[in-house]
Amino acid sequence: MPIKVYRSQDLGAPVLSGQIGQFITFLDAILVNGYNSVSVSSLTRSGSTATATCAAPHGLSTGDVVLVAGAGQSDYNVEAVVTVVSSTVFTYDVANAPTSPATGTITAKRAPLGYTKVFTGSNKAAYRANDPSGLRHFLRVQDDGGSVGGNRECRLWGYEAMTDVDTGTGPYPTAGQSSNGYYQMKSSSTDSTQRAWCLVGDGKIFYLFVDYGGAAASGVSGTGTFYATVFGDILPYMVGDAYASVLAACTTANSTTSPAQSLGAQQTSINSPTSFWSSMNIARDFTAVLGSRYVGLMASGLGSGMGLTTYISYPHQIDNGFYINPVQVTQGSPAVIRGRMPGLYEGMHGRALNNGDIVENVQGLTGRKFMMMYVNFISQAAHVMVDITGPWDA
């Protein structure tokens with residue numbers, strides 16, 4: 001499945017701000033519906049390459065994923081990785097030999113990540129991944145301004161199963177771990193001002209980075225304080241692990257300056273968890289006993305922050321390379337490494353790049369592109385590297 005990247009500066013991107021219900025509207029656009037739909041005035045084929053000419057700017061970049069619909073010839077109606085020719089023209093691969101030019105009322109938009117909004121309520125929603133190869137647990141969102149932080153935040157839970165928007169089994173975190181679930185920071189203020197964000201996913205897990213403080217208002221290339229949320233399936237090391245789905249967000253309500261978050265923290269000892277373990281839960285223990293467990297993250301294990309320290313200079317003096325380490329999911333009592341975070345790595349060079357910059361000369365991972373994303377370990381400047389080429393589960 002292709003990796004999909006969404007950014008606040010995309011043409012037609014949804015707004016994230018400190019208003020009630022905003023996070024649900026935001027997720028609807030990215031996970032379920034896609035955005036920036038434009039009319040396709042011409043769709044032709046030469047060999048296996050389709051060329052789409054749009055009536056308005058499509059807002060795509062080469063490597064993005066488009067959803068084409070409405071063609072009278074079904075082979076054109078696919079999700080596909082695009083090559084951009086101009087602001088209104090892109091190409092993509094098609095199977096078979098559909099008639100050229102295509103007929104019908106054709107549209108193109110940035111493809112959704114691939115989720116269904118299964119249940120809904122008043123400023124509430126539950127989402128589930130469509131990919132049948134995944135665990136397909138539920139993400140429940142409550143964005144009613146009812147927590148201490150009001151409109152600035154909403155609340156999140158993972159569930160193994162749900163029967164309506166308020167009812168489910170196998171919650172993570174459990175009520176005993178956090179009675180209000182985890183907190184999603186939307187903004188440090190209760191207004192309509194857009195916050196910069198970036199979401200990267202593969203249809204089974206996604207990583208969301210939000211500059212809730214507003215310093216990076218121009219987009220994810222800014223140097224704001226980025227807060228990270230994660231939901232979905234890890235890559236388990238135990239065969240048949242049916243509960244290897246995680247939720248990571250903030251444990252503290254109204255944390256508008258420096259929220260603790262698992263994606264910024266790194267374990268240096270599996271059996272000596274820091275307090276930041278409480279901001280990431282996995283659905284169950286590897287033994288499958290009911291009840292979620294706290295888990296932590298570890299990559300190099302050389303420091304307490306993920307990518308916080310410049311361990312080696314960049315470029316690496318020996319081979320001019322960029323070095324990264326895969327991020328493992330750790331669980332204590334007993335000490336085990338439960339699996340690996342798909343597509344997520346710790347960089348060894350500190351914040352050697354700008355936020356959102358892409359690097360390709362990564363040792364041992366030829367042909368893949370990695371995007372640096374800033375995260376904050378409390379108030380300290382950490383980062384992670386996200387594989388935007390994929391596939392993550394290969």
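**Figure 1. Lining of the largest pocket in the predicted model****.** Strand β1, residues 4-7, supplies four residues to the lining of the largest pocket, and this is the largest share that comes to the lining. The space in this pocket amounts to about 370 Å³, and 17 residues line the pocket, of which Val 5, Thr 62, Gly 63, Asp 64 and Ile 388 are the closest to its centre. Sorted by class, the lining of the largest pocket consists of eight nonpolar, four polar and five charged residues.

**Figure 2. The second largest pocket and the residues around its centre****.** For the second largest pocket the computed volume is about 170 Å³. The lining is made up of 14 residues, and those closest to the centre of the pocket are Ser 133, Lys 204, Asp 233, Ile 234 and Pro 236.

**Figure 3. An open sheet of seven strands with antiparallel pairing****.** Read across the sheet, the strands follow the order β5-β4-β8-β2-β3-β7-β6. The edges are formed by β5 (79-81) and β6 (83-84), each of which pairs on one side only. Within the sheet, strand β3, which spans residues 49-54, is joined to strand β7, which spans residues 89-93, by five bridges in the antiparallel sense, and Ala 52 is found opposite Phe 90 of β7.

**Figure 4. Ser 333 in the loop between β23 and β24****.** The loop that holds Ser 333 lies between strand β23 (324-331) and strand β24 (336-347). Ser 333 has a relative accessible area of 61% and is therefore classed as exposed, the cut-off for that class being over 50%. Although Ser 333 and Ile 270 are separated by 63 residues in sequence, their C-alpha atoms are 8.7 Å apart in space.

Figure 5. Buried residues account for 55% of the 394 residues. Among the contacts in the chain with a separation of 6 or more, 64% are between residues 24 or more positions apart.

Conventions: Residues are numbered from 1 along each chain as its sequence is written. This is a predicted model: local features need pLDDT of at least 70, side-chain atom pairs count only at pLDDT 80 or more; totals for chains, interfaces and linings use all residues. Side-chain values use heavy atoms; hydrogens and water are left out. Two strands pair if DSSP finds at least two bridges between them. Helices (H or I, at least four residues) and strands (E, at least two) are DSSP runs, numbered from the N terminus. Buried means under 20% relative accessible area, exposed over 50%, partly exposed in between (1.4 Å probe, protein chains only). On a 1 Å grid over the protein atoms alone, a cavity is a set of points where a 1.4 Å probe fits but cannot get out, and a pocket is an open set with protein on both sides within 12 Å along at least five of seven lines; lining residues have an atom within 4 Å of a point. Grid points are joined across faces, edges and corners, and a volume is the space filled by probe spheres set on the points. Ala, Val, Leu, Ile, Met, Phe, Trp, Tyr, Cys and Pro count as nonpolar, Asp, Glu, Lys and Arg as charged, and the others, Gly among them, as polar. Contact means heavy atoms within 4.5 Å.
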